[in-house]
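I opened this notebook page to record a few side-chain look-ups, one entry at a time. The sequence and structure go in first, and my notes follow.

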Amino acid sequence: SQFGKLYALDVDATTPKWWVEIYKGTDTCRSPLVCCDGVIYVPSYNGGVYMFDEKDGTALGNHVLSSSPLNPVSVIPGAGLLCSSMDGYLALFKF
C-alpha cells in the first residue's frame, strides 16, 4: 500500500489472508513487486528491496542499493535479484 503495508489477498475472502508493516511513512514507488519461488520482493522508494515469505508474510530480509527509488526488479534464476535505482546504481544481489 501507499502507507508501508503489504497485503496478501484471497479473491474469495472479504479480509486479507495476512498483512505486514514494511516500513514507516509513505512509499510511492511505482515499481511492481515480484514473487518467485515463494518469496515476494518489494522494491521501494527509499532504495531498498524487502523480501517476504508468500505464505505468511514473514520478513526474510532486505537489501539496500541506494537512497533513490528502485526501477522494476528482475529475479535471475540461479543467480539472484537484479536491481537498478533511479540515480544510476546497478546490482545483482546473490541468493
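Entry 1, serine 68. I began with the side chains of serine 68 and aspartate 87, which are joined by a polar contact of 3.2 Å; I keep in mind throughout that this is a predicted model. I then asked where serine 68 is found, and I placed it in the loop between strand 6 (59-64) and strand 7 (74-76). Is serine 68 buried or exposed? I noted a relative accessibility of 16%, and because the cut-off for buried is under 20%, serine 68 counts as buried. For its surroundings I left aside the neighbours within four places in sequence, and I listed Ser44, Tyr45, Asn46, Gly47, Ser85, Met86 and Asp87 as the residues in contact with serine 68.

How many salt bridges does a search of the whole structure find? I got one, formed by lysine 5 with glutamate 21, whose closest N and O atoms are 3.6 Å apart. Since lysine 5 lies in strand 1 and glutamate 21 in strand 2, the pair ties together parts that are 16 residues apart in sequence. I checked accessibility for both partners: lysine 5 counts as partly exposed at 22%, and glutamate 21 is partly exposed as well, with a relative accessible area of 36%.

The partners are tyrosine 7 and tryptophan 19, with 6.2 Å centre to centre and 35° between the planes, and I recorded the pair as tilted. I put tyrosine 7 in strand 1 (residues 5-8) and tryptophan 19 in strand 2 (residues 18-21), and I noted that the pair links distant parts of the chain, 12 residues apart. For accessibility I have tyrosine 7 as partly exposed at 39%, and tryptophan 19 as partly exposed with a relative accessible area of 46%.

Definitions and conventions: Residues are numbered from 1 along each chain as its sequence is written. This is a predicted model: local features need pLDDT of at least 70, side-chain atom pairs count only at pLDDT 80 or more; totals for chains, interfaces and linings use all residues. Side-chain values use heavy atoms; hydrogens and water are left out. Rings of Phe, Tyr and Trp (its six-membered ring) pair if their centres lie within 6.5 Å; planes under 30 degrees apart count as stacked, over 60 as edge-to-face and the rest as tilted. Helices (H or I, at least four residues) and strands (E, at least two) are DSSP runs, numbered from the N terminus. Buried means under 20% relative accessible area, exposed over 50%, partly exposed in between (1.4 Å probe, protein chains only). A polar contact is a pair of N or O atoms within 3.5 Å; within protein, one must be able to donate a hydrogen and the other to accept it, and residues adjacent in sequence count only if both atoms are side-chain atoms. Contact means heavy atoms within 4.5 Å. A salt bridge is a side-chain nitrogen of Lys or Arg within 4 Å of a carboxyl oxygen of Asp or Glu.
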